[in-house]
Amino acid sequence: GMIDEMAKAAGKDPYQYRRMLLEKHPRFIRVLDEAANKAGWTKPVPAGRGRGIAIHESFGTVVAHVAEVSITPNKTLKVHKVVCAIDCGQTVNPDTIRAQMEGCVVFGLTAALYGEITFDKGRVKQSNFYDYRMLRINEMPEVEVHILDSTEKMGGVGEPGVPPIAPAVMNALFMLTGKRVRSLPLRPDDLKKKV
């Protein structure tokens, strides 16, 4: 969101702008570079798709996501692929790390696309998953996880993949529509091109 807006105002590529801001933080740059390179950031985006990037640090772990999205003919957002790079320090079980990052994508996309609690006469309207929308299996993007070799202290892997997914997706959506989404969950009007 905001970093991409600053990059646009500065006339810079969103990935390169982040690299510039993080020049004194080599760990972050390694993660950012890994995500961008594995996602083919410098290659053209397929027609009708947008690509966005975001990076985040929490619980001693740095995660970057690159998301590739499109708008379907029935005017919904389709997240096709998420390339994730993670430095969580020394690792023990890479399969667990991959599974956690995949789960973070599900959780973060659910929040960004559907996560809304509404009230009627002071009472919460949603009571279970039949009326509180979750990401469904047919909406799940391909998730490619790249775990960096690291000598850093062990960090967490349960949460750090959640915060960067919505910004990566919304930055990709901006590429398609020219509109900035500043309020979530996503609304149908957010998918219309800027006039």
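Here is a short chat about a predicted model.

Student: What should I know before I start?
Tutor: This is a predicted model: local features need pLDDT of at least 70, side-chain atom pairs count only at pLDDT 80 or more, and totals for chains, interfaces and linings use all residues. Residues are numbered from 1 along each chain as its sequence is written, and side-chain values use heavy atoms, with hydrogens and water left out.

Student: How many disulfides does the structure hold?
Tutor: It holds 0 disulfides. A disulfide is a pair of cysteine sulfur atoms within 2.5 Å.

Student: How far is cysteine 84 from the nearest cysteine sulfur?
Tutor: The sulfur of cysteine 104 is the nearest, 8.0 Å away.

Student: And cysteine 88? Which cysteine sulfur is nearest?
Tutor: That of cysteine 84, at 9.7 Å.

Student: Is cysteine 88 buried or exposed?
Tutor: Buried, with a relative accessible area of 2%. Buried means under 20% relative accessible area, exposed over 50%, partly exposed in between (1.4 Å probe, protein chains only). Cysteine 84 is buried too, at 0%.

Student: New topic. Where does glutamate 57 lie?
Tutor: In strand 1, residues 49-58. Strands (E) are DSSP runs of at least two residues, numbered from the N terminus. Glutamate 57 is partly exposed, with a relative accessible area of 38%.

Student: What does glutamate 57 touch?
Tutor: Phe28 and Val62, not counting residues up to four places away in sequence. Contact means heavy atoms within 4.5 Å.

Student: How far apart are glutamate 57 and leucine 135?
Tutor: They are 78 residues apart in sequence and 24 Å apart in space, C-alpha to C-alpha.

Definitions and conventions:
Helix = DSSP H or I, 4+ residues; strand = E, 2+ residues; numbered from the N terminus.
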